[in-house]
Amino acid sequence: MTTTAPDLSAAQSRIQAIYSPELLESASRTLSELLTKHAHSLPLESTPVLNWAHPADNFKAALQQLNQAPENEAKEFDLSKTINAFRQLAQSMLDRGHNLQNPRYIGHQVPASLPLAGLFEAIVSVTNQVMAVYEMGPWATAVELALIESLGREIGYKPGTFAGLVTHGGSLANLTGLLAARNLKCPEIWTQGPQAKRNSVPVILVSSDAHYSVTRSAGILGIGSENIIKVPLDERRKMNPAALRELILSCQADNKTIIAVVACACATPIGAFDPLNEIADLCEQHDLWLHVDAAHGGPTCFSEQHKHLTAGLHRADSVVFDAHKMMFMPALSAFLFYKNKAHQFSAFQQQAAYLFDPSAPEIAEYDIGLRTIECTKRANSYALWGIWSLFGKSLFADLVDITFATTRTFYDMLLQASDFEPLHEPECNIVVFRYQTDWLNALPMEQQNLFHFKLRRQLIESGEFYIVHSVINEQAAFRITVMNPLTTEAHLLQLLNTIRLRASELQKTFDPPPLVDQCEQT
């Protein structure tokens with residue numbers, strides 16, 4: 001029996017049209033126009049920071065757009081209609097998205113990324129630049145390695161002795177660095193898994209304010225989240241070296257294997273930088289792997305004014321360093337460095353014959369897939385390489401200096417305001433503070449906390465500002481991170497006044513608990 005091949009000419013024609021340079025040209029012009037108009041709108045008072053909508057409403061709208069796609073196979077491709085539909089979809093993304101480039105965005109540790117960086121990212125996406133083996137991404141590999149070399153020198157590593165890689169986010173970088181440490185201390189776990197016979201319990205000593213990804217890593221690595229031992233902090237919420245020393249000695253006495261010591265530069269809660277040199281002294285004395293999560297604060301090393309905060313970073317065996325935070329790159333671009341270049345292959349120990357070519361063993365040094373969990377890895381260094389090549393590394397010092405100075409200005413404003421209280425003196429661009437009045441302070445702490453949560457929720461849903469909340473010593477508070485170098489003192493003064501206004505309105509409808517007659521109670 002013979003079968004007739006289906007006629008795919010119409011499908012082929014539509015596919016050719018979608019790949020056509022003419023469509024790309026028209027869509028690029030449309031997008032450039034929309035992005036430029038959007039950029040001009042961001043500083044305006046009428047432009048919301050967060051385009052708030054209920055999750056169910058956003059889901060419904062997104063699903064509706066999907067269901068509007070044309071399904072008529074016989075329909076010929078129409079360039080004009082396609083561009084009009086593209087315009088509408090792109091405009092929806094801008095209208096419904098989060099405006100991080102708005103100077104009134106001072107929330108999470110996600111930056112108002114440099115606009116030109118996004119154009120370099122567009123090249124990556126349009127041409128689908130990926131990398132695992134050198135031959136799949138020769139220029140992407142060269143760019144990544146050039147950045148690793150340059151950034152490593154800024155950290156203070158000696159040229160020719162260190163190595164690194166770029167991965168998708170600080171959490172994955174933390175996991176990879178700690179995996180290398182675990183494999184060096186407990187190599188049998190990689191091959192035998194949880195059945196491996198061990199004479200001691202593996203543990204990780206971490207700053208009490210370490211990012212939750214470290215605890216997640218312990219679970220993934222088979223160490224167990226219960227074997228995370230938190231090192232007490234001092235009064236400035238920095239890791240206490242004396243407490244670390246006691247825990248090291250205690251673990252040794254209890255026959256526990258310390259996989260790594262994890263310090264922060266800086267920790268997320270208030271932006272505290274751990275004393276790295278003192279911690280490194282202890283790790284070297286006891287032959288322990290020091291892992292530093294410098295995802296946020298690492299780029300401080302570019303600043304002559306503030307680089308003392310990262311003193312000792314070069315002594316760490318592994319360092320996480322996010323370009324998509326204080327280097328103001330689009331997400332995600334996280335660097336992981338190894339002080340000893342031999343350790344770059346410690347995390348992963350398997351081969352894939354279809355990827356790695358034994359006829360060119362000298363190329364293995366350039367096959368990034370040998371040292372990262374990803375196989376198809378997006379080339380996520382082009383933006384940083386492009387911006388650094390255009391403006392030089394002094395730009396990153398400027399970004400640190402400006403945002404840190406703006407945060408200090410805000411801290412001084414809080415000190416001068418009787419109805420606000422900063423909960424710490426900021427070291428970087430993070431500050432935590434509370435709104436306080438006699439009325440609010442008279443309430444039980446649970447009610448004060450609830451008031452803060454409700455107040456922040458009203459603030460962000462209004463689109464006036466975007467800030468986040470924090471809980472310090474069981475007290476709810478506001479937390480800002482100055483992640484836009486265009487945020488000014490005027491914006492911060494406006495923030496305080498807006499909080500005052502919304503607090504006054506919320507007070508009218510806020511129900512405090514009924515007063516308890518202490519005499520009757522006794």
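Let me begin at the surface, where Ile15, Ile18, Tyr19, Phe77 and Leu79 form a nonpolar patch with about 520 Å² of accessible area together. A patch here is built from residues with over 30% relative accessible area and no salt bridge, nonpolar side chains (Val, Leu, Ile, Met, Phe, Trp, Tyr) being joined within 5 Å and like charges within 9 Å. A salt bridge, in turn, is a side-chain nitrogen of Lys or Arg within 4 Å of a carboxyl oxygen of Asp or Glu, and the areas come from the Shrake-Rupley method with a 1.4 Å probe, where for residues only the protein chains shown count as cover.

Please keep in mind that this is a predicted model, in which local features need pLDDT of at least 70 and side-chain atom pairs count only at pLDDT 80 or more, while totals for chains, interfaces and linings use all residues. Residues are numbered from 1 along each chain as its sequence is written, and side-chain values use heavy atoms, with hydrogens and water left out.

Helices (H or I, at least four residues) and strands (E, at least two) are DSSP runs numbered from the N terminus. Tyr19 counts as exposed because its relative accessibility is 71%; the cut-offs are under 20% relative accessible area for buried and over 50% for exposed, with partly exposed in between (1.4 Å probe, protein chains only).

Now to the interior, and to helix 12 (residues 382-391), where Tyr382, Ala383, Leu384, Gly386, Ile387 and Trp388 are buried. What do the buried residues of helix 12 pack against? Their partners are helix 5 (115-127), helix 6 (138-155), strand 8 (334-338) and helix 13 (394-416), where contact means heavy atoms within 4.5 Å. After helix 12 comes Gly392, with a positive phi near 80°.

Helix 6 also holds Gly152, which is buried because its relative accessible area is 0%. Not counting residues up to four places away in sequence, Gly152 touches Leu147, Tyr157, Phe162 and Phe337.

Let me turn to a pair of helices. Helix 15 (residues 445-462) and helix 16 pack at an angle of about 115°, their axes lying 10 Å apart; the axes are lines fitted to C-alpha atoms, for helices over the stretch in contact, and the angles run from 0 to 180 degrees between N-to-C directions. On the helix 15 side, the residues that meet helix 16 include Phe451, Leu455 and Leu459, and those they meet in helix 16 include Leu495, Thr498 and Ile499.

Is Thr498 buried or exposed? Thr498, which belongs to helix 16 (residues 489-509), is buried, because its relative accessible area is 10%. Leaving aside neighbours within four places in sequence, Thr498 is in contact with Leu459, Glu464 and Phe465.

Finally, some details of the backbone. A cis peptide bond, with omega about 10°, joins Ala265 and Cys266, and Cys266 lies in the loop between strand 5 (256-264) and helix 11 (276-285). The bond from Ala331 to Leu332 is also cis, with omega near 0°, and Leu332 is placed in the loop between strand 7 (318-322) and strand 8.

Asn473 is not a glycine, yet it has a positive phi of about 50°, and this residue is found in the loop between strand 12 (468-472) and strand 13 (475-481). Glu474 lies in the loop between strand 12 and strand 13 and has a positive phi near 70°. Asn473 counts as exposed because its relative accessibility is 64%, and Glu474 counts as exposed at 67%.
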